[in-house]
Amino acid sequence: MMTTDAKRVLETALICAQQPLPLRDMGVLFNGALTADTLKLLLEDLQNDWSGRGVELVHVATGWRFQSRPQMREYLDRLHPEKPPRYTRATLETLAIIAYRQPVTRGDMEDIRGVTINSLLLKQLEDRGWIEVIGHRETVGRPGLYATTRQFLDDLGLESLNQLPATDHPAAEEALLEQIEFGLTATGSPDEVDAAEAQAGDAQDGEASVLESTDYPAPLEGPGTSQQSTDTNV
């Protein structure tokens, strides 16, 4: 197959896909005739072809997808003027702790935040597909160890946790929270988010944030099984 034809097939499949496409699925398009290295070269060509446009081809945790560029969001939001869902500070801080300290137990999170974390808050994050229990700590009660999923990375448009903001400066935690909030505001309806967080009783977490005094280690590669493309698929 000619390179031009192969690129056309890839482009069509990626535009029509509802979820990011991994290389193995792309290989099926060509009955295994193209190697992974060849596919990567074709994908790089496609990225160049779409440079300068409002849509870009990106590599996220579970594969490749087309999505709108961040600077287009202001205009696209006009098509959906309803207020986007907002996540409470407690939810975002808990998610950030898991992202940077994983795997962590609920007790670890409570020690860092300095407040009790309602179990419904963690359930909300699990139901969204952003965190999961990957094992248990061998101690009294064998508490669950939480980690972020690949879907969490996909929803943020990231390939790995290494792309999260570094935490070697005072504003790092704020940058992290802003990136998470910006990336996740379109993952559910406002009513769903408001109801879930009301159930979680986040009001009890209204104490001042302790993230500014927290020294997170470098991000680790987070495990995850579920995948779902959101927000800006073309």
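**View 1. Pro103 and its cis peptide bond.** Pro103 sits in the loop that links H5 to helix H6 (106-113). This is a predicted model, and here it has a cis peptide bond between Gln102 and Pro103, with omega at about -5 degrees.

**View 2. Helix H5 against helix H7.** Stay with H5 and look at what it packs on: helix H5 (residues 89-101) and helix H7 (residues 119-127) meet at an angle of about 70 degrees, their axes 11 Å apart. An angle from 65 to 115 degrees counts as roughly perpendicular, and that makes H5 roughly perpendicular to H7. The crossing of H5 past H7 is right-handed. On the H5 side, the contact uses Ala90, Thr91, Thr94, Leu95 and Ile98, while H7 brings in Leu121, Leu122, Gln124 and Leu125. Sort the residues of this H5 and H7 contact by class and you get six nonpolar, three polar and no charged.

**View 3. Helix H1 across helix H3.** Here's another helix pair, this one made of helix H1 (residues 3-16) and helix H3 (residues 36-49), whose axes come within 10 Å and cross at roughly 75 degrees. H1 and H3 are therefore roughly perpendicular to each other.

View 4. Asn31 is found in the loop between helix H2 (23-29) and H3. Its backbone is worth a look: phi of Asn31 is near 55 degrees, a positive value in a residue other than glycine. As for accessibility, Asn31 is exposed, with a relative accessible area of 76%.

**View 5. Strands E3 and E4 side by side.** Five bridges join E3 to E4, and the two strands run antiparallel. One of the pairings to look for is Glu132, whose bridge partner in E4 is Ala147. Strand E4 (residues 144-148) has five of its five residues buried, so the rest of the structure largely encloses this strand. Gly144, Tyr146 and Thr148 point one way from E4, Leu145 and Ala147 point the other way, and all are buried.

View 6. His136 belongs to strand E3 (residues 131-136). With a relative accessible area of 40%, His136 is partly exposed. Leaving aside residues up to four places away in sequence, His136 touches Arg142, Pro143, Gly144 and Leu145. Thr105 is 31 residues away from His136 along the chain, yet their C-alpha atoms are separated by 8.4 Å. Arg142, one of the residues touched by His136, lies in the loop between E3 and E4. Arg142 isn't a glycine, but its phi is positive, at about 45 degrees. Like His136, Arg142 is partly exposed, and its relative accessible area is 42%.

**View 7. Stepping back to the whole chain.** Zoom out and the protein shows ten helices and four strands. Starting from the N terminus, the elements go α-α-α-β-β-α-α-α-α-β-β-α-α-α. Of the 234 residues, 47% count as buried. Among contacts between residues at least 6 apart in sequence, 66% join residues at least 24 apart.

Notes. Residues numbered from 1 in each chain as written. Predicted model: local features only at pLDDT ≥ 70, side-chain atom pairs only at ≥ 80, totals over all residues. Heavy atoms only, no water. Axes fitted to C-alpha atoms, helices over the stretch in contact; angles between N-to-C directions. Parallel < 35°, antiparallel > 145°, perpendicular 65-115°, else oblique. Left-handed = near helix turned anticlockwise from the far one by under 90°. Contact = heavy atoms within 4.5 Å. Nonpolar A, V, L, I, M, F, W, Y, C, P; charged D, E, K, R; others polar. Buried < 20%, exposed > 50% of the residue type's maximum accessible area, 1.4 Å probe, protein only. Pairing = 2+ DSSP bridges.
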